[in-house]
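Let's walk through this one together, with the structure open beside the text.

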Amino acid sequence: MAYFLGLLVALVGFWLGMSGHYSPLLLSLGAVSVAVCMILAYRLDIIDREGAPYVRIVGFALYFPWLMVEIAKSNWAVVKACLKADLDIAPALVKVKTACESDLAKVTFANSITLTPGTVTVEIEGDKMLVHALYEQSAQPEAFAEMDRRSREAADGKRRPA
Amino acid sequence: MADLVVSIAEWWQVVRFPLGAALCLGGALLCVVGTVGVLRFPDFYTRLHAASVTDTSGATLLLFGMALMAPDWMVVSKLVAIFVFIYLTSPASSHAAANAAHTAGLQPLIGPVDTHDKEGLDS
């Protein structure tokens, strides 16, 4: 039920934000399209934890500013690498073990790694991720530990033990 | 008090256009830097890293700049939607490209890159 309401609120908010016209005709058309989307989502059986992750929106809202700071930091490193007269990159492939259990947490962690420039998740096998990094020294497994912990908390909540 | 609010609002109306323009310029500059990186880096995987500069900080600065210059809140809400979708889809596409290259058997360059050798190959 919470997932159902979350999807409903998100769709209504999205429609209102996109449209900008609030005449009765267009509002009723919007209501119809939201209803059709809900029926289709219900028929597809995707109103669940992953299809409507709005219940966890507070966790993600807390996680995102930290991620933005990380992105800005690693952006600076890659921009410097791009513009340096001497190309001093040392690419590496590293295996990162994650403590994330649910698929949502794994996706959050892998996407966070890919979003920070200088690291790309190449493959996910079980709880291990193959990460390609621009600098060998910045891609030690410890470097990802905090991101791992934070994305797990954002997607799964703090109640689960590590 | 009301005077102060009005003057702050007027000041904001004056200052937001140059501020937004500066952010847009910075974002465009970062996109150029990302392109330079794509051209300079030696192999596929490292070029992906340079391209992600354009995806993340370049797009973010451009969208923030456009939001500051937006005429009304509808435009801002659309820009926020674009921001959210870029941040959800760009790692997915980078991962798909990297995973496809890895599955196809493309071996990444490992270890320090020999500058002089690669510079010659690049140009």
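## A walk from a loop to the interface

Let's start with a residue out in a loop. A:Asp45 is exposed, having 8 other C-beta atoms within 10 Å; the cut-offs here are 20 or more other C-beta atoms within 10 Å for buried, 12 or fewer for exposed, and partly exposed in between, with C-beta atoms placed from the backbone. A:Asp45 sits in the loop between α2 (24-44) and α3 (57-83) of chain A, and its phi is positive, about 65 degrees, although it is not a glycine. Helices (H or I, at least four residues) and strands (E, at least two) are DSSP runs, numbered from the N terminus.

Keep in mind that this is a predicted model: local features need pLDDT of at least 70, side-chain atom pairs count only at pLDDT 80 or more, and totals for chains, interfaces and linings use all residues. Residues are numbered from 1 along each chain as its sequence is written, while chains are lettered from A and ligands numbered from 1 in the order in which they are written.

Now for the interface. On chain A, 29 residues are in contact with 33 residues of chain B, where contact means C-beta atoms, placed from the backbone, within 7 Å. Two or more residues each come from α1 (2-19), α3, β1 (92-97), α4 (103-115) and β2 (119-125) of chain A. The largest share, seven residues, belongs to α3(A). By class, this side of chain A has 19 nonpolar, eight polar and two charged residues (Ala, Val, Leu, Ile, Met, Phe, Trp, Tyr, Cys and Pro count as nonpolar, Asp, Glu, Lys and Arg as charged, and the others, Gly among them, as polar).

Zoom in on α3(A), which packs against helix α1 (residues 2-40) of chain B at an angle of about 55 degrees, with the axes 8 Å apart. That angle makes α3(A) oblique to α1(B), because angles under 35 degrees count as roughly parallel, over 145 as roughly antiparallel, 65 to 115 as roughly perpendicular and the rest as oblique. From α3(A), the contact uses A:Val78, A:Val79, A:Cys82 and A:Leu83, and from α1(B) it uses B:Leu30, B:Val33, B:Val36, B:Gly37 and B:Arg40. Sorted by class, that gives seven nonpolar, one polar and one charged residues.

Last stop: A:His132, in strand β3 (residues 128-133) of chain A. A:His132 is buried, with 27 other C-beta atoms within 10 Å. Its contacts include A:Val120 and A:Val122, and across in chain B, B:Tyr45, B:Ala98 and B:Pro108.

Definitions and conventions:
Contact = placed C-beta atoms within 7 Å. Axes fitted to C-alpha atoms, helices over the stretch in contact; angles between N-to-C directions. Lists of a residue's contacts leave out its neighbours within four places in sequence.
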